[in-house]
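Morning, everyone. Please look at the model on the screen, and I will take you through a few of its contacts.

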Amino acid sequence: LIIDEIHLLGEERGAVLEAIVSRTRFISQYMQQQQEEQAQADPTRIVGLSTALANPEDLADWIGIDIKSFAKRGLYNFRPSLRPVACTIHVQEYAGRHYCPRMAAMNKPCFAAIKEHAPEKPVIIFVASRRQTRLTAFDLISFAAHDDEDERAHDDEDDERAFLGTSNTEYMESVAETLSDEALAHTVTFGIGLHHAGLSSHDRETVERLFLNGDIQVLVATATLAWGVNLPARLVIVKGTEYFDAKSSRYVDYPVTDILQMIGRAGRPQFDTEEAVAVVLVAEGKKVFYKKFLYEPFPVESCLHERMCENMNAEIAIGT
């Protein structure tokens, strides 16, 4: 049994994963006892993959690794900085009591980060909502159009678009005509793609293909892109660490695991060999917290007690 991203145990949905692993171990031990009489005991092997942890021994002991031995065979815990492609993380904080004005204030720093760290390389910007993908892309287009007025001729639209990675305007305009989302059709002609759950499957596949092939330079996406989609990016910008939680009707912080997952999109070994850069833009007062947990291993704690009733009923129902 191979479990990727096992550090998700510390999140709300981690209770389900914890129940599955515990059930697997129980069934494996039961089968061993039944097979020992026939000398065919073969335990289930569990392999857990995660980011660097502060309490790896606790997790290792839970999945069945002998941590009491001196060698602790089967337990490997590496530093967060140890990765195939090195990644430099910058954390910047911005003042603003209200969410929307603070997000608007972060658009200019996003543009500045692109110019400084990846003026000609692929960039992914993570935002919290579909609306923010549009607003961020529109502001980037505006900043590119007004940048370096003395050096860029504003009546030459191709020059503006060249900064954002689109020199073949005819091809991009033909692609834009095939897109059903109006905002996306507008932004791709400037080398900026949008990616969120509100797009049709055709639009999402088109944007991913354009970004993978280098036809567009910047991809503004919601956090869902951080899971399961492997795209090249020299620079990753996390624009804000909060999202609106419908259950509590307020803005809450992303789990640290989600932020790490977004940062992990920078410098994928299949596409890049040079040092990658991640810029995390946070609200005022949160810089110290994120600098600590983004540079150091973080602890993982069980969330099973929050879903104990549901899991007990499930085990009784299936007879385990």
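Arg102, Glu242, Asp253 and Lys286 are linked in a network of salt bridges. A salt bridge here is a side-chain nitrogen of Lys or Arg within 4 Å of a carboxyl oxygen of Asp or Glu. Side chains of opposite charge can pair when their charged atoms come close.

A word on the source. This is a predicted model, where local features need pLDDT of at least 70 and side-chain atom pairs count only at pLDDT 80 or more, while totals for chains, interfaces and linings use all residues. Residues are numbered from 1 along each chain as its sequence is written, and side-chain values use heavy atoms, leaving out hydrogens and water.

Take Glu242 and Arg102. Their closest N and O atoms are 2.4 Å apart. Glu242 is in strand E8 (residues 242–245) and Arg102 in helix H3 (residues 99–105), so this pair links distant parts of the chain, 140 residues apart. Helices (H or I, at least four residues) and strands (E, at least two) are DSSP runs, numbered from the N terminus. Buried or exposed? Both Glu242 and Arg102 are buried. Buried means under 20% relative accessible area, exposed over 50%, and partly exposed in between, with a 1.4 Å probe and protein chains only.

Next, Lys286 and Asp253. This salt bridge has its closest N and O atoms 2.6 Å apart. Lys286 lies in the loop between strand E10 (276–283) and helix H11 (287–295), and Asp253 in strand E9 (residues 250–253), so the pair ties together parts 33 residues apart in sequence. Lys286 counts as buried, because its relative accessibility is 19%. Asp253, at 39%, counts as partly exposed.

How many salt bridges are there by this rule? Four. One of them joins the side chains of Glu315 and Arg23, at 2.7 Å from N to O. Glu315 sits in helix H12 (residues 308–318) and Arg23 in helix H1, 292 residues apart. Arg23 has 26% relative accessibility, so it counts as partly exposed.

Stay on helix H1. Met31 is found there too, and the helix covers residues 14–36. Met31 is partly exposed, at 39% relative accessibility.

Last, a helix pair. Helix H4 (residues 107–117) and helix H5 (residues 130–145) pack at about 60°, with their axes 9 Å apart. Axes are lines fitted to C-alpha atoms, for helices over the stretch in contact, and angles run from 0 to 180 degrees between N-to-C directions. That makes H4 oblique to H5, since angles under 35 degrees count as roughly parallel, over 145 as roughly antiparallel, 65 to 115 as roughly perpendicular and the rest as oblique.
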